[in-house]
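Open the model in your viewer and keep the selection tool at hand. We will walk through it stop by stop.

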Amino acid sequence: MVFRQAKWSEPIIFELSRHNKQGLLVDEEFRGYAEDALREIPKEYLRARDSLKIPNLSEVEVVRHFTRLSQMAYGVDLGPVPLGSCTMKYNPKVCEELANDKRVTDLHPYQDEETVQGILEIIYLLQKWLAELTGADVCTLQPPAGASGEFVGALMIKKYHLDRGEEQRVEMIIPDSAHGSNPASAVMAGFRVVRVPATPEGDTDVNAIKAVVSERTAGIMLTNPSTLGLFESKILEIADIIHDAGGLLYYDGANLNAILGLVRPCDMGFDVVHLNLHKTFAAPHGGGGPGAGVICAKGALKDYIPVPIVDYDGRKYFLRYDVPKSIGRITWFYGNIVPAVKSFIYLASLGPLVREVAEISVLNTNYFMKKVTKLRGVDLIYGRNRWRKHEVVLSFEKLHKETGVTAEDVAKALLDRGFHAPTIYFPLIVPEAHMVELTESETKENIDALINAYAEIVELAYRNPDALKAAPRNTSVTRLNNIFANAPKTVTPSYKFIDRIKELLKA
Ligand SMILES: Cc1ncc(COP(=O)(O)O)c(C=O)c1O
C-alpha cells in the first residue's frame, strides 16, 4: 500500500521534448485543409515555423507526464490522512458526481425563486436534518467556513446580550485545549478571552470555570468531545454554571464525527452550534473545495440567526428574511451551495446509518490508541485510562527525552512510509504531540499499517536516531526548513529580507 511519490527532480515537459517529435499523425486530407487555411492568413501575422516554443512529445509521453504530476500530491484518495481535528474522511464519489450536475453548477444566484425550487428544497431539508442532528430549532448554511461560523455564533451571543441591556458581558471563557480559531473568533466579535485549564483527566476544569464566571461572562466556547478526543464528563454541570450566570454556550462542532446521531449538542445545554460540512459531512476540504460552517441555534438565539434562511410555506420554498433580531447577512447569497449538495447526498444516502459513522470512527480511534500506546516512548498526557472519541493525542515527549527524536521527526518518517502525517504540536498543552484522527473511512488493515509504521519508526529512534533526522527521503521534496519553506532561493528579494530578519534575530 506504500505510495511512491514522484520526485521534484523528475524532468519537466520541456526537458522531455525532442526536436520534431510528433504527437499525432495528421491525415493528408486534413493537412490540405490546414494549408489552405494558412494561406488565408496575411503573411505579417504568421510566425516563423519554429518560433512557437511548445514541447514536441508523443501522446503517451504527455499522458504519462501529467499523470506523474497528478501523483505528486497526496490526498485521501491515495491513502490515510490522519490529521486530527480535520476529519479527513473519504468523500464519496457519488456526492462529487451529483454535485457536478449542470443543474447545480449552472444555477445563478439571481434566478427567480420559482425556477430554483429543487435546490431550495435541498437546502431546506439539509437545514432540517442538521437541526435535528444538533437538537437545534433553526439552522443556516450561510457561513462559508468553520471559523466564519464561530464568528457568526459569537456575534449572535453579543447581540443577544446587548438587546437585553447587558453591555458589561464582554468575557468569553475558552479552555486552553480549544482550537485556535475559537479565541480568534471571540476577539473578532469584540470579546475578551478568559482561559481555563484542563484537569489531568483531560476535562475542562469546572472549578476554574466557577472561579472566573461573573456578570461579565458572555458565554463559553467548548467543543465536546474536546480537542483531546475526550468527552466532557461534566458538561451538564458546566452548562448550568454558565446559564445560571446569565451566559450562553457555544459549541464548536467542526468535528462532529464522534457523536453523529448519538448525542446532540443542544441536549447538552448548548445554545448555538457550528458544524463544518467540509469535515463531518463529507464535503472535501484542505484544497479540495470550499467549505460551509453551518450555524444551528436553539431557544432565544434562534431569532438572531443570519438571513436569509430557506423556508417552506406548504406550497413553495422561499428565502426568508424576516428573522426578528437577525445579526443580518454575513455572506453573499446563500453561502457555499456545492458542499451543501454533497452533504445532503451524504446524509440522504446514510439515513439512520449515520450513527455508524460515529461508532466506527470511535472504534477506529480506540483500536489505534490501545496498540500504539504500547510502543516504547509513546504516551498520553491527559486521561491516560480513558477511552477516546473521534481522535487521540499522542505525546512523544518521552521518546524525545530518551532519543532526541522529536514529534516532527516521527511525522516526517511517516511520510517516507507512505502516510500523510497527523496534526503535530497541537493542542499546545500536549508536549511533542501527534493528534491522530482516523475517521470511519479507514479499514483495520490501514490502521494496522499505520501502527506498524509507528512501531518501525520508534524502534529506529532507539537504534539509530540520526537516521530519522534526515527524513523524509522518499517524497517529492525532502526535509524542508520549517521557517524558510515558503521562501525558495530563487525569490531573491524575499530571501534577502528573511536573511536580514535572521541577522536581526541573532543580534
Ligand atoms: C475544532 C475546530 N474548530 C474550528 C475549525 C475551523 O474550521 P475552518 O478551517 O473551516 O475555518 C477547525 C478546523 O480545523 C477545527 O478543527
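**Around the ligand**

Start by selecting the ligand: 14 residues surround it, the closest being Ser 85, Gly 146, Ala 147, His 179 and Ala 254. A residue is counted here if its C-beta atom, placed from the backbone, lies within 6 Å of the molecule. Colour this shell by class and you get four nonpolar, nine polar and one charged residues. In that scheme Ala, Val, Leu, Ile, Met, Phe, Trp, Tyr, Cys and Pro are nonpolar, Asp, Glu, Lys and Arg are charged, and the others, Gly among them, are polar.

A word on what you are viewing: this is a predicted model, where local features need pLDDT of at least 70, side-chain atom pairs count only at pLDDT 80 or more, and totals for chains, interfaces and linings use all residues. Residues are numbered from 1 along each chain as its sequence is written.

**Two cis peptide bonds**

Next, select Asn 224 and Pro 225, which are joined by a cis peptide bond with omega about 5 degrees. Pro 225 sits in the loop between strand 4 (217-222) and helix 10 (235-244). Helices (H or I, at least four residues) and strands (E, at least two) are DSSP runs, numbered from the N terminus. Then move to Phe 426 and Pro 427, where the peptide bond is cis with omega near 0 degrees.

Now pick Thr 87, a non-glycine residue with a positive phi of about 45 degrees. Thr 87 is buried, with 27 other C-beta atoms within 10 Å; the cut-off for buried is 20 or more, with C-beta atoms placed from the backbone. Finish at Thr 439, whose phi is positive too, near 60 degrees.

How values were computed: A residue is buried if 20 or more other C-beta atoms lie within 10 Å of its own, exposed if 12 or fewer, and partly exposed in between; C-beta atoms are placed from the backbone.
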